[in-house]
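Please look at the sequence and the structure before reading on.

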Amino acid sequence: MNYLSDLSIDIYAERYRGMTREQQTCCLTGHRMIPPGEEQKIMIRAKNILVRLIREQNVRYFGVGGAVGFDMLAAEYLLHLKAHEEQQIRIISVLPYPGWRETEEWDDQLRLREDWILRQCDKVVYVRQEYEKGVFLLRDRKLVDGSGYCVSYCNRPNTGTAYTVKYAMKRGVKVLNASSFDLRNL
């Protein structure tokens, strides 16, 4: 064996031995609109949850949905963590279909942020190749399926985020909410 092949050894392998992929995986879901003045508080809670999952539960795969709001903030934070402290984590962007952003009313700054996130992610997955009815719900289910954990920012029922959280709970996924909202009220 030469020294180049030694470089491909997973230095974290022992840390994850005996864990299923599901036990190592977390999806993220949250509202697009975060009330003014709440962003910092929500992200402090989310950051604390994410760091504990990484360091105490050995979670290393994170599925993010790509929407404005919580999804984008969480993805940026995870990418920062990966670049500076937790090189073993992997961020997967799970999107509805390739042209989905064209239907969003994003300004140039949001498009640039999302482009940067997608370039930095370890993988980008599209649920479908083109729009079809229900594709966003399919994306939400794809995020949850195969996850052992779900970090959410959910503060009200009857939303896409609430749907995803309820779906995760029904599947036995441990949901950790960055909002003070009691998820039992869904």
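This is a predicted model: local features need pLDDT of at least 70, side-chain atom pairs count only at pLDDT 80 or more; totals for chains, interfaces and linings use all residues.

**Packing of helix 3 and helix 4**

- Helix 3 spans residues 39–56 and helix 4 spans residues 70–84; their axes are 11 Å apart and meet at an angle of about 50 degrees.
- An angle between 35 and 65 degrees is neither roughly parallel nor roughly perpendicular, and helix 3 and helix 4 are therefore oblique to each other.
- The crossing of the two helices is right-handed.
- Helix 3 contributes Glu39, Ile42, Met43, Ala46, Lys47, Leu50, Val51 and Ile54 to the contact, while helix 4 contributes Phe70, Leu73, Ala74, Tyr77, Leu78 and Leu81.
- Sorted by class, this contact has twelve nonpolar residues, two charged residues and no polar ones.

**Aromatic pairs**

- The structure holds six aromatic pairs.
- Tyr97 and Phe136 pair edge-to-face, with 6.5 Å from centre to centre and 75 degrees between the planes.
- Tyr97 is in the loop between strand 3 and helix 5, and Phe136 is in helix 6, so their pair ties together parts that are 39 residues apart in sequence.
- Tyr97 is buried at 8% relative accessible area, whereas Phe136 is partly exposed at 25%.
- Tyr163 and Tyr167 form a stacked pair, with 6.4 Å from centre to centre and 10 degrees between the planes.
- Both tyrosines belong to helix 7 and are four residues apart, so about one helical turn separates Tyr163 and Tyr167.
- Tyr163 is partly exposed at 26% relative accessibility, and Tyr167 is buried at 18%.

**Ring cluster**

- Tyr97, Trp100, Trp106, Tyr131 and Phe136 are linked into a cluster by ring pairs.

Note on methods:
Residues are numbered from 1 along each chain as its sequence is written. Side-chain values use heavy atoms; hydrogens and water are left out. Axes are lines fitted to C-alpha atoms, for helices over the stretch in contact, and angles run from 0 to 180 degrees between N-to-C directions. Angles under 35 degrees count as roughly parallel, over 145 as roughly antiparallel, 65 to 115 as roughly perpendicular and the rest as oblique. A crossing is left-handed if the near helix is turned anticlockwise from the far one by less than a right angle, and right-handed if clockwise. Contact means heavy atoms within 4.5 Å. Ala, Val, Leu, Ile, Met, Phe, Trp, Tyr, Cys and Pro count as nonpolar, Asp, Glu, Lys and Arg as charged, and the others, Gly among them, as polar. Rings of Phe, Tyr and Trp (its six-membered ring) pair if their centres lie within 6.5 Å; planes under 30 degrees apart count as stacked, over 60 as edge-to-face and the rest as tilted. Buried means under 20% relative accessible area, exposed over 50%, partly exposed in between (1.4 Å probe, protein chains only).
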